[in-house]
Amino acid sequence: MTSPLHNMRTDHAIHSENRVLKRRKWPEPVAADRDCCDSQAVFNAGMRHHHIANTAYPIAHNQTWGPYRVRRAEYNAIVRRAFADVDELLLYAHIPFCETRCYYCEYTVVGRREINAVDEYMRLLNNELDLYANLLNERVRTIKGFDIGGGTPAFVEPGHIAALIRKAQEVFRFTPDMQISMETTPRIAALNAAKMRGFYDAGVRRMSMGVQVTEPDLLRRLNRADNSLDCHKRAVENIRTAGFDNFNIDVMYGFAGQSLDSVRATIAHAIELQPEAITLYRMRYKLTRIADQARQVHLEDVHAQARLAGEMLRDAGYLAPPGKNTYARRPGDSGTSDYIQRRVQKGTAYLGTGLGAQTYSHTTIAYNDGAAGKTIEPYRRSLNADRLPLQDLYHLPQVHMMSKMIAVSFYFGAVDLIAFYEKFGITLERAFPTAVEFVLNNELMHYDDVHLRLTRRGAEQYNGVIALFYAPSIQRCLLEFDPEQEFNRQAAVAERIASRNDQSD
Ligand SMILES: C[S@@+](CC[C@H](N)C(=O)[O-])C[C@H]1O[C@@H](n2cnc3c(N)ncnc32)[C@H](O)[C@@H]1O
Ligand code: SF4
């Protein structure tokens, strides 16, 4: 089978290649990223370690990305250069507060002792936007998508969200038809109709709410507070009355001991709530407080749950191509926010602001302060000293940036070949010849318009498929991964951080 890009006009191809290569400077890869691993062995390792071979790229970044870490003194210069050719940007603001902390959660959420720091935190977030505006001020950047995520952004008052949006609009140019999206828990939406109206009035136009699961026993085991069916219904009523006509529900599966009936009941309930989109999250155990339960979850059970959920959603008119985890009921709508759609399909660069947020250019990836320790203190210290609040900044070789873009593309089950080419100045087939040959020969992916897309068979084996496109150092980590040791260690670390942060002063 030939790539659709073979039909592209050569002059356009050469022009694009030169344009990209002239502007973007990727460092040379170290030895560990030069020697390829055997495709069949990597595919098998991805399937064996299906709990970690997923869209969350990379694995073990301290070890694998260590050689590419930037020294603190160079942060400003490297960030400025990385964004110099970026005119269109996505923006993400992280709000780390939650009423309670769910044991399964993989996000940067702060503990009880930081819960009174909301006013100060929102001020720091605005300061961070100012810092970026000053650093990148050679041109006016256009924001093509803005997500306010968490944690639980709806935890803070609408006035805070309105001020954040005003600040972002002051320092960047917003595309007029772009929708700002944010997240709430059912409990906050159910108890605070006025808050939902306040968020709408502040300019938010898409709301996403986590239902996760409906089985009461499982909810209790996961420490998920007040998530009753009634609470969901009231929440939806308040969200709709506030004016939101773009509303998503998150549902999770793949928990230890979860039955098919539990998944069936959750999906039926989510459908009954009639959101525009339903996003299915398979539980990712890495670095959560219940990481040690990963070994109790078997791939065939997870597949059966995903199949059941997919069939129920399709029967109810919610559609998604194989491998995509957001199902939408409006024709032509991806179901996701503008921010996610561009990030996944086009690999558009994004600025992540707030605790632990990730920032991504075409040549760098950075993690904000707080990503590791989940406390506000280092973030506060950096911003009070007028420094970018970065915990780690990596200037990465092209192979890692390509792997990152491909891993994220699998949220939609397909790699956009044109977007890949325009970003890297090389076709996917030239960059990953053995991986592309493997997925085509084994009917795991197929060409579809300008995409290389998962087949149904590939969607069921996507943990193996995704690993084929990892950079060599990450593939080696996967081949050597020891789940017995690793998951227990991760659960212990997550528990230690959470209980330390929960202790009152
Ligand atoms: C930032 S979170 C939560 C939004 C909101 N605070 C809530 O709880 O409804 C966004 C979504 O990520 C999903 N999620 C959280 N932890 C996860 C994990 N360990 N693996 C996979 N998905 C996860 C949940 O479905 C959640 O709704
Ligand atoms: S799932 Fe939502 S409410 Fe629960 S800890 Fe994570 S961000 Fe907070």
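Reader: Which element gives the most to the shell around ligand 1?

Author: In this predicted model, strand β5 gives the most to that shell, with 3 residues. The elements that give two or more residues there are β2 (142-150), β5 (204-212) and β6 (247-253).

Reader: Which residues come nearest to ligand 1?

Author: There are 19 residues around ligand 1, and E106, G210, D250, Y281 and R284 come nearest. By kind, the shell divides into 8 nonpolar, 7 polar and 4 charged residues.

Reader: What makes the peptide bond from G150 to G151 stand out?

Author: That bond is cis, with omega near 20°. G151 has its place in the loop between β2 and α6 (158-171). Another cis peptide bond joins Y57 and P58, where omega is about 10°. P58 sits in the loop between α2 and α3.

Reader: Why is D147 called buried?

Author: A residue is buried if 20 or more other C-beta atoms lie within 10 Å of its own. D147 has 25 such atoms within 10 Å, so it is buried. D147 is found in strand β2. Leaving aside neighbours within four places in sequence, D147 is in contact with Y92, S181, S337, Y339 and I340. The C-alpha atoms of D147 and L90 are separated by 8.4 Å, and these residues are 57 apart along the chain.

Reader: K374 and D386: buried or exposed?

Author: Let's take them one by one. K374 has 21 C-beta neighbours inside 10 Å, so K374 counts as buried. D386 has 10 other C-beta atoms within 10 Å, and the limit for exposed is 12 or fewer, so D386 is exposed.

Reader: What is said about phi at K374 and D386?

Author: K374 has a positive phi of about 55° although it is not a glycine. For D386, also not a glycine, phi is positive at about 60°. K374 lies in the loop between β11 (364-368) and α14 (377-384), and D386 lies in the loop between α14 and β12 (390-395).

Reader: How do you know that the protein chain is as compact as a globular protein of that length?

Author: The secondary structure of the chain comes to 22 helices and 15 strands. Its radius of gyration is 22 Å, close to the 23 Å that the globule rule gives for 505 residues, so the chain is as compact as a globular protein of that length. The C-alpha atoms fill a box of roughly 60 × 50 × 45 Å along the principal axes. Buried residues make up 49% of the 505 residues. Among contacts between residues at least 6 apart in sequence, 81% join residues at least 24 apart.

Reader: How is the chain divided into domains?

Author: The division is into domain 1 (4-65 + 397-479) and domain 2 (69-179 + 337-395). Their contact takes 16 residues from domain 1 and 12 residues from domain 2. On the side of domain 1 that touches domain 2, α15 (398-409) and α16 (417-424) each give two or more residues. The largest share of that side, 5 residues, comes from α15. That side of domain 1 divides into 9 nonpolar, 1 polar and 6 charged residues.

Reader: Why is helix α21 described as largely enclosed?

Author: Helix α21 (residues 472-479) has 8 residues and 7 of them are buried, so it is largely enclosed by the rest of the structure. The buried residues are P472, S473, I474, Q475, R476, C477 and L478. What covers them includes α2 (39-48), α3 (61-64), α15 and α20 (462-468).

Methods
Residues numbered from 1 in each chain as written. Chains lettered and ligands numbered in written order. Predicted model: local features only at pLDDT ≥ 70, side-chain atom pairs only at ≥ 80, totals over all residues. Near = placed C-beta within 6 Å. Helix = DSSP H or I, 4+ residues; strand = E, 2+ residues; numbered from the N terminus. Nonpolar A, V, L, I, M, F, W, Y, C, P; charged D, E, K, R; others polar. Rg over C-alpha atoms; globule rule 2.2 N^0.38 Å. Contact = placed C-beta atoms within 7 Å. Domains from an automatic or database assignment.
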